[in-house]
Amino acid sequence: RRVLLVEALEVNARVATKMLQRLGCTVEWARGGREGLEAAARGGFDLVLLDLRMPDVDGYDVAVGIRRREGAGPRVPVVAMTADVTDEDRRRCVEAGMDDFLGKPVELHRLGEVVTRWCRRPAPPPA
């Protein structure tokens, strides 16, 4: 499974990457919203994990941009991975076109559930 991780904070990206690798995923890290949009446009991802708070382009706008580019074609699953966990945050994620929501701090078993739910192949048990 190929995952695009859009996360501005390096420490968060390192932790998430290690967890995703334990779940058998290959990870490409985009260091912000603009970089995430560029990577998503190249395609080939089974899942996009998206932080909401980034200094250049926020996660909501990244999700809208991804959906706009896809048009009526195939959709890549987009999952918010964020510390913003209010009902309002969740509503805004759905409105922006995201498919799911994962609150931080992320636990390995919850991340595994998300990977299994949205990727074509089930995640193996954590190593």
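1. Let's start with Glu10: its relative accessible area is 39%, so glutamate 10 comes out as partly exposed. Keep in mind that this is a predicted model. Glutamate 10 pairs up with arginine 14 in a salt bridge, and their closest N and O atoms sit 2.5 Å apart. Both belong to helix α1 (residues 10-22), and because they are four residues apart there, about one helical turn separates them. Arginine 14 counts as exposed, at 54% relative accessibility.

2. Now have a look at helix α3. Here glutamate 70 and arginine 67 form a salt bridge, 2.8 Å from N to O. They are three residues apart in α3, about one turn of the helix. Both glutamate 70 and arginine 67 are buried. This pair also belongs to a network of salt bridges that links Arg67, Glu70, Arg75 and Asp99.

3. What about aspartate 100? This residue makes a salt bridge with arginine 117, with 2.4 Å between the closest N and O atoms. Aspartate 100 is in strand β5 (residues 100-103) and arginine 117 in helix α5 (residues 108-118), so the bridge ties together parts 17 residues apart in sequence. Aspartate 100 is buried at 18% relative accessible area, while arginine 117 is partly exposed at 45%.

4. Back to α3, this time with its neighbour. Helix α3 (residues 59-70) packs against helix α4 (residues 87-96) at about 20°, and the axes are 8 Å apart. That angle makes the two roughly parallel. Tyr60, Ala63, Val64 and Arg67 of α3 meet Asp89, Arg92, Cys93 and Ala96 of α4. Sorted by class, that contact has five nonpolar, three charged and no polar residues.

Definitions and conventions
Residues numbered from 1 in each chain as written. Predicted model: local features only at pLDDT ≥ 70, side-chain atom pairs only at ≥ 80, totals over all residues. Heavy atoms only, no water. Axes fitted to C-alpha atoms, helices over the stretch in contact; angles between N-to-C directions. Parallel < 35°, antiparallel > 145°, perpendicular 65-115°, else oblique. Contact = heavy atoms within 4.5 Å. Nonpolar A, V, L, I, M, F, W, Y, C, P; charged D, E, K, R; others polar. Salt bridge = Lys/Arg side-chain N within 4 Å of Asp/Glu carboxyl O. Buried < 20%, exposed > 50% of the residue type's maximum accessible area, 1.4 Å probe, protein only.
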